[in-house]
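Welcome! Please take a moment to look over the sequence and the 3D view below, and then we can walk through them together.

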Amino acid sequence: MHVRVTLIAAARGSSLLAERFDDDRPLDQAGWGEVQRVAHALVPLAAAELRYCSPTPRSRATGSALGLAPLAQPALRDCDMGRWRGLTLGEAMAREPEAVDAWLADPYSAAHGGEPLVEFVRRVGGWLDTRPADDGGRIVAVAEPAVVRAALVHALRAHPSTYWNLDVRPLSTASLIGRAGRWNLRFDAWHERV
């Protein structure tokens, strides 16, 4: 028994330098443009038996714009960043440089007063591992790039610090095929980048 879970990183809500922790902003103009450019290539994903999304506005909007009509899943929410919520990394660094350094260096650190990286990966991995494993079943989930990174770290059974080495771009896709405790990573070529 196995299942195929295709993860789609939500479209942009801001420029990369303006990305904020635990960001609840909707898609920006560039994000809407990106979704419109790739929507036709991702249409086959709408045939998935189960379609989910992170509860963030940009994940919901991305899923809806792709025609998925996804169901929001609280377990797919972004990492709880505590008192850094709404800040950019640069702003957090300017306010609490030692705390940011500790958080980046230690996956067990909750220097921001929120969720440690290991707990974030465990939460997202728990969601992944409880997907119904109907033989050949297909699931699609639109989530923040951070959530996709956490799912990949869990699926690959990688050390939590590997999270920082994964670059998940908006509207990129990756599929995990398998079942709880045994996942294979597959990169899909749904569209071409210009």
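Which helices each supply at least two residues of the lining of the largest pocket? They are α4 (97–105), α5 (117–129) and α6 (145–155). Please keep in mind that this is a predicted model.

## The largest pocket

Let us stay with this pocket for a moment. It holds about 790 Å³ of space, and 30 residues line it. Nearest its centre lie E19, F21, A146, R149 and Y163.

What kinds of residues make up the lining of the largest pocket, by class? There are 18 nonpolar residues, 11 charged ones and one polar residue.

## The sheet

Now turn to the strands. Six of them form an open sheet with mixed pairing, and their order across the sheet is β3-β2-β4-β1-β5-β6. At the edges stand β3 (71–72) and β6 (182–187); each has a single partner strand, so one side of each is left without a neighbour in the sheet.

Further in, you can follow one pair of strands. Strand β1 (residues 3–9) and strand β5 (residues 173–179) run antiparallel and are joined by six bridges. To find this pairing in the view, look for L7, which stands opposite A174 in β5.

## Two nonpolar cores

The largest nonpolar core has 38 residues, and V5, W84 and F120 have the most contacts inside it. Helices α4, α5 and α6 each supply at least two residues of this core, as do strands β1, β4 (137–143) and β5. The largest share comes from α6, with eight residues.

Leaving aside residues up to four places away in sequence, W84 touches F21, A92, E96, A99, V100, W103 and H112. One of these partners, F21, is also among the residues nearest the centre of the largest pocket. There is a second, separate core as well: it has 17 residues, including A39, A48, C53 and L68.

## A buried glutamate in a loop

Finally, look at the loop between α4 and α5, where you will find E115. Is E115 buried or exposed? Its relative accessibility is 11%, and because buried means under 20%, E115 counts as buried.

Which residues does E115 touch, not counting those up to four places away in sequence? They are D78, C79, D80, F120 and R123. F120 is a residue you have already met, as one of those with the most contacts inside the largest nonpolar core.

Technical notes: Residues numbered from 1 in each chain as written. Predicted model: local features only at pLDDT ≥ 70, side-chain atom pairs only at ≥ 80, totals over all residues. Heavy atoms only, no water. 1 Å grid on protein atoms, 1.4 Å probe; cavity = no way out; pocket = protein on both sides within 12 Å on 5 of 7 lines; lining within 4 Å. Points joined across faces, edges and corners; volume = space filled by probe spheres on them. Helix = DSSP H or I, 4+ residues; strand = E, 2+ residues; numbered from the N terminus. Nonpolar A, V, L, I, M, F, W, Y, C, P; charged D, E, K, R; others polar. Pairing = 2+ DSSP bridges. Core = buried A, V, L, I, M, F, W, Y, C linked by side-chain atoms within 4.5 Å. Buried < 20%, exposed > 50% of the residue type's maximum accessible area, 1.4 Å probe, protein only. Contact = heavy atoms within 4.5 Å.
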